[in-house]
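Biologist: I have the sequence and the model open side by side, and I would like to go through a few places with you. Could you take my questions as they come?

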Amino acid sequence: MAALGEVRAAERRLGGRLHRTPLLTSRGLDRLAGRRLLFKCELFQRTGSFKIRGALNAVRSLVEESQQTGKGLPRAVVTHSSGNHGQALACAAQEEGIPAYVVVPRTAPRCKQDAIRAYGATLVPCEPSDKSRAETAARIVQETGGVMVHPNQDLAVIAGQGTIALEVLEQAPEVNAVVVPVGGGGMIAGIAVAIKALRPDVKVFAAEPRNADDCYQSKVRGELTPNLHPPDTIADAVKTSIGPNTWPIIRDLVDDVLTVSEEEIKRATRLVWERMKLLIEPTAGVGVAAVLSERFQAVPRDVENVCIVLCGGNVDLSSLTWLTDLPGKAE
């Protein structure tokens with residue numbers, strides 16, 4: 001299991017290579033939530049999402065290992081991704097001169113597929129299921145002799161994502177809770193490890209679409225319960241299920257899991273676009289929707305300062321037909 005030491009080591013490896021993303025506020029959204037909201041803007045991060053933190057930490061770890069052992073760089077790095085981790089790994093590998101192969105569901109947004117290719121990676125299509133992603137990636141590893149860098153179960157990836165929490169605690173020491181969208185769980189696992197080690201009083205909430213509620217089901221049942229079928233949700237970056245390395249951390253350190261409907265996600269995403277002028281992707285809207293939900297109203301009022309991680313901004317602008325299907329205004 002990843003620990004605070006690994007997150008601190010990731011912070012050292014990533015120093016000077018990434019943006020320290022801002023915490024922004026919105027009085028309008030504060031009024032709607034009835035609390036003070038702090039938005040951690042990972043949409044401004046390199047490659048357009050938080051994923052570069054974990055990917056770059058993983059690649060830099062491999063480079064350090066090769067330097068220490070004298071064995072040379074990996075022949076390639078391989079992953080599967082709904083898009084954002086693929087872009088991040090392609091970027092990190094390109095900087096180190098390592099070939100990258102990214103297995104991507106054929107339904108992934110075109111903008112994310114194009115970005116992966118733009119970073120020089122070889123894109124390998126697969127069916128939109130966890131099984132197809134894993135099997136295709138395993139085949140590519142065998143064919144290339146490359147190293148698998150899992151998008152959310154790799155410990156170096158989890159540790160890299162945890163650096164978000166270190167920044168939040170420095171930027172807003174008054175924070176009482178952090179709300180994090182969850183797919184495979186790498187980001188919330190890394191954040192929870194760091195938060196609970198440094199500030200155990202701070203609540204950590206996972207937010208996920210009701211149509212892809214494996215994390216919620218796992219918490220309720222007390223055992224890892226993956227999605228049985230490919231989920232149908234506008235939040236394309238959280239369609240994957242939590243896994244064996246992230247589940248124990250989520251089980252032990254995450255305080256609660258909040259699920260939201262597709263309409264709530266769409267309304268929250270549009271709200272951030274209109275009120276904050278931030279072009280977040282719908283997956284980032286999941287956390288906003290959770291904080292604006294009825295269920296969050298039951299959270300004690302002394303949880304006043306709430307940080308929401310806006311995880312990315314890689315929006316497929318050609319798919320915005322859902323905007324015209326959304327009745328009424330964003331409120």
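Biologist: Where does glycine 313 lie?

Modeller: Glycine 313 lies in the loop between strand S10 (305–310) and helix H14 (321–325), where helices (H or I, at least four residues) and strands (E, at least two) are DSSP runs numbered from the N terminus. Before we go further, this is a predicted model, in which local features need pLDDT of at least 70 and side-chain atom pairs count only at pLDDT 80 or more, while totals for chains, interfaces and linings use all residues. Residues are numbered from 1 along each chain as its sequence is written, and side-chain values use heavy atoms, with hydrogens and water left out.

Biologist: And what is glycine 313 in contact with, leaving aside its neighbours within four places in sequence?

Modeller: With those neighbours set aside, glycine 313 is in contact with Leu43, Gly48, Leu279, Ile280 and Glu281, contact meaning heavy atoms within 4.5 Å. Glycine 313 is also 9.1 Å from glutamine 45, C-alpha to C-alpha, although 268 residues separate the two in sequence.

Biologist: Threonine 47 next: what is its phi, and where is its place?

Modeller: The phi of threonine 47 is near 70°, which is a positive value in a residue other than glycine, and its place is in the loop between strand S2 (36–41) and H3. Threonine 47 has 10% relative accessibility and therefore counts as buried, the cut-offs being under 20% relative accessible area for buried, over 50% for exposed and partly exposed in between, with a 1.4 Å probe and protein chains only.

Biologist: How about lysine 277, buried or exposed?

Modeller: Lysine 277 counts as exposed, at 67% relative accessibility. Its place is in the loop between helix H12 (262–276) and helix H13 (282–292), and its phi, near 60°, is again a positive value in a residue other than glycine.

Biologist: Staying with H12, is arginine 270 buried or exposed?

Modeller: Arginine 270, whose place is in helix H12, counts as buried at 14% relative accessibility.

Biologist: Let me switch to H4. How many of its residues are buried?

Modeller: In H4, 11 of the 13 residues are buried, so the helix is largely enclosed by the rest of the structure. Among the buried ones are Asn84, His85, Gly86 and Glu96, and what covers them includes helix H3 (51–69), strand S3 (77–80), strand S4 (100–105), helix H5 (110–118) and helix H7 (155–161).

Biologist: What does H4 reach from its first C-alpha to its last?

Modeller: H4 (residues 84–96) reaches 19 Å, close to the 18 Å expected at 1.5 Å a residue, where the expected span is 1.5 Å times one less than the number of residues. After the helix comes glycine 97, whose phi is positive, near 70°.

Biologist: Which residues does histidine 85 touch, not counting residues up to four places away in sequence?

Modeller: Histidine 85 lies in helix H4 and counts as buried at 1% relative accessibility. With that exclusion, it touches Lys51, Ala55, Thr79, His80, Val149, His150, Pro151 and Val157.

Biologist: And isoleucine 98, where does that lie?

Modeller: Isoleucine 98 lies in the loop between H4 and S4, and it is buried, with a relative accessible area of 5%. Not counting residues up to four places away in sequence, isoleucine 98 touches Val59, Val63, Leu73, Pro74, Ala76, Val77 and Ala93.

Biologist: Last topic, the whole chain. How many helices and strands are there?

Modeller: The protein chain has 14 helices and 10 strands. Of its 331 residues, 60% count as buried, and among contacts between residues at least 6 apart in sequence, 75% join residues at least 24 apart.
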